[in-house]
Amino acid sequence: MDINPLQDSFQRAMNLSRSPGAVSTSPTQSFMNTLPRRLSVSKQQKALKPFSTGDMRILLLENVNQTAVDIFKDQGYQVEFYKSSLPEEELIEKIKDVHAIGIRSKTKLTANILKHAKNLVVIGCFCIGTNQVDLDYAASIGVAVFNSPFSNSRSVAELVIAEIISLARQLGDRSIELHTGTWNKVSQKCWEVRGKTLGVVGYGHIGSQLSVLAESMGMHVLYYDIVTIMALGTAKQVSTLDELLNKSDFVTLHVPETPETKNLLSAPQFAAMKDGAYVINASRGTVVDIPSLIQAMKAGKIAGAALDVYPNEPAKNGADAFSDKLNNWTSELVSLPNVILTPHIGGSTEEAQSAIGIEVAHALSKYINEGISVGSVNFPEVSLRSLDLDQENTVRVLYIHKNVPGVLKTVNNILSNHNIEKQFSDSCGEIAYLMADISDVNQSDIKQIYDELDKTSSKISIRLLY
Ligand SMILES: NC(=O)c1ccc[n+]([C@@H]2O[C@H](COP(=O)([O-])OP(=O)(O)OC[C@H]3O[C@@H](n4cnc5c(N)ncnc54)[C@H](O)[C@@H]3O)[C@@H](O)[C@H]2O)c1
């Protein structure tokens with residue numbers, strides 16, 4: 001199959017004048033900051049011109065946040081915006097022409113749909129998950145996929161803070177009682193959180209945010225993580241999960257879903273916890289063995305639990321969606337006192353949606369304009385520092401290819417008439433990505449380089465930015 005996503009735009013680019021050398025306002029990726037810098041950061045950078053930005057077509061579905069729409073429009077791209085997802089046939093029609101598509105969780109980008117996307121360069125998942133996209137197929141046709149895994153960390157941390165206090169004061173139960181007319185003013189087994197110990201399992205983006213917030217309420221924070229991480233504030237890392245469980249009044253889970261974290265809290269771990277401790281899980285549903293939690297609560301070992309995630313979750317909102325049909329312990333769980341159940345809303349805030357819009361739109365713009373794939377979920381992560389304004393005749397070659405021996409030799413041979421100023425190549429499974437900045441290139445060279453690269457047998461897609 002001849003995959004050449006930007007050929008039409010490229011052909012138009014052949015007739016366009018060079019970029020006037022506007023100053024790039026794209027944020028510098030943190031990864032870039034780790035690279036050695038030849039030039040001072042204040043030096044003006046050249047905006048690369050892949051093609052006329054007005055020709056760049058972006059399809060945004062599922063009411064992607066306005067922050068993203070604004071960023072794409074500022075870039076000069078053509079934006080087609082829909083509040084909902086599209087029926088499959090309509091999506092196939094639309095995806096034929098666009099260079100980028102932005103979706104959330106409802107739009108399924110299967111191989112069957114993606115095979116119609118002849119100009120597609122990049123997919124933005126304006127959400128956390130990416131399992132709605134056939135990532136391998138996208139990579140095989142040279143389409144990078146980006147998401148936003150960490151924009152909602154603060155929202156989750158704040159929800160957990162609310163749950164710590166709610167569990168300690170049995171707020172869920174008091175509220176349900178009063179909704180049904182029962183006045184039940186009690187103080188027994190209701191506690192302040194000041195001076196209590198919070199045990200954080202997984203000290204990543206969410207766990208560490210939470211640590212700071214909890215300390216500001218006067219809590220002591222212990223954390224357990226499989227890697228050694230510098231503590232924030234006066235939090236302390238412990239070396240075993242058991243140590244954390246023995247010492248914590250509240251245990252909150254912030255680990256990814258992996259084979260190692262499946263049932264990370266089960267009967268032996270509940271037994272190791274302090275009597276009357278509380279459990280909070282806003283990570284992934286498989287991390288807590290819920291039947292064992294139910295038993296530990298019934299035995300009085302655990303005084304309360306807040307769960308935001310479940311092994312099986314309903315596909316859509318609606319009455320009766322959360323029932324024994326989905327998870328056979330549901331009715332037992334909902335009948336327990338001091339159990340707060342929320343429908344996976346940890347990261348669901350307006351602020352998080354807006355941050356997701358900004359993060360994904362910047363990642364897509366950076367990939368479209370400069371070829372930088374850092375943060376992509378299905379692609380080799382490649383980056384080069386930006387070109388400077390005075391690098392007049394420099395071209396950035398973006399060559400996505402099959403990960404087979406001998407490709408670099410062939411490509412460098414094609415580029416060998418020019419000075420390769422810098423080059424970066426990486427692979428991910430069967431896909432590899434080469435980025436090279438070559439100097440002293442004139443307009444006719446660009447066409448020749450493109451044509452020669454296009455003939456290479458391992459080519460998946462090519463873009464030349466200048
Ligand atoms: N409820 C929600 O709406 C919501 C929203 C966002 C994220 N999440 C979930 O929260 C969890 C944490 O997210 P994050 O952004 O903080 O992730 P992160 O990758 O930043 O941090 C995870 C931490 O867990 C540690 N870890 C991994 N395996 C471990 C193990 N076996 N024992 C102890 N520590 C381990 C890692 O070293 C890392 O420090 C993820 O599962 C994510 O899917 C839920």
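1. A residue counts as near a molecule or strand if its C-beta atom, placed from the backbone, lies within 6 Å of it. Of the 31 residues around the ligand, the nearest are Gly202, Gly204, Ile206, Gly346 and Gly347. The model is a predicted one: local features need pLDDT of at least 70 and side-chain atom pairs count only at pLDDT 80 or more, whereas totals for chains, interfaces and linings use all residues. Numbering starts from 1 along each chain as its sequence is written.

2. Helices (DSSP H or I, at least four residues) and strands (E, at least two) are numbered from the N terminus. Helix H7 (153-168) and helix H9 (205-216) each give at least two residues to the shell around the ligand; the largest share, three residues, is that of H9.

3. An open sheet of five strands runs in the order S2-S1-S3-S4-S5 with parallel pairing, where two strands pair if DSSP finds at least two bridges between them. Strand S2 (78-81) and strand S5 (144-146) stand at the edges with a single partner strand each, so one side of each lacks a neighbour in the sheet. Three bridges join strand S1 (residues 57-60) to strand S3 (residues 100-103), and isoleucine 58 stands opposite alanine 100 in S3.

4. The axes of helix H15 (residues 407-415) and helix H16 (residues 443-455) come within 10 Å and cross at roughly 160°; axes are lines fitted to C-alpha atoms, for helices over the stretch in contact, and angles run from 0 to 180 degrees between N-to-C directions. H15 is therefore roughly antiparallel to H16 (angles over 145 degrees).

Technical notes:
Parallel < 35°, antiparallel > 145°, perpendicular 65-115°, else oblique.
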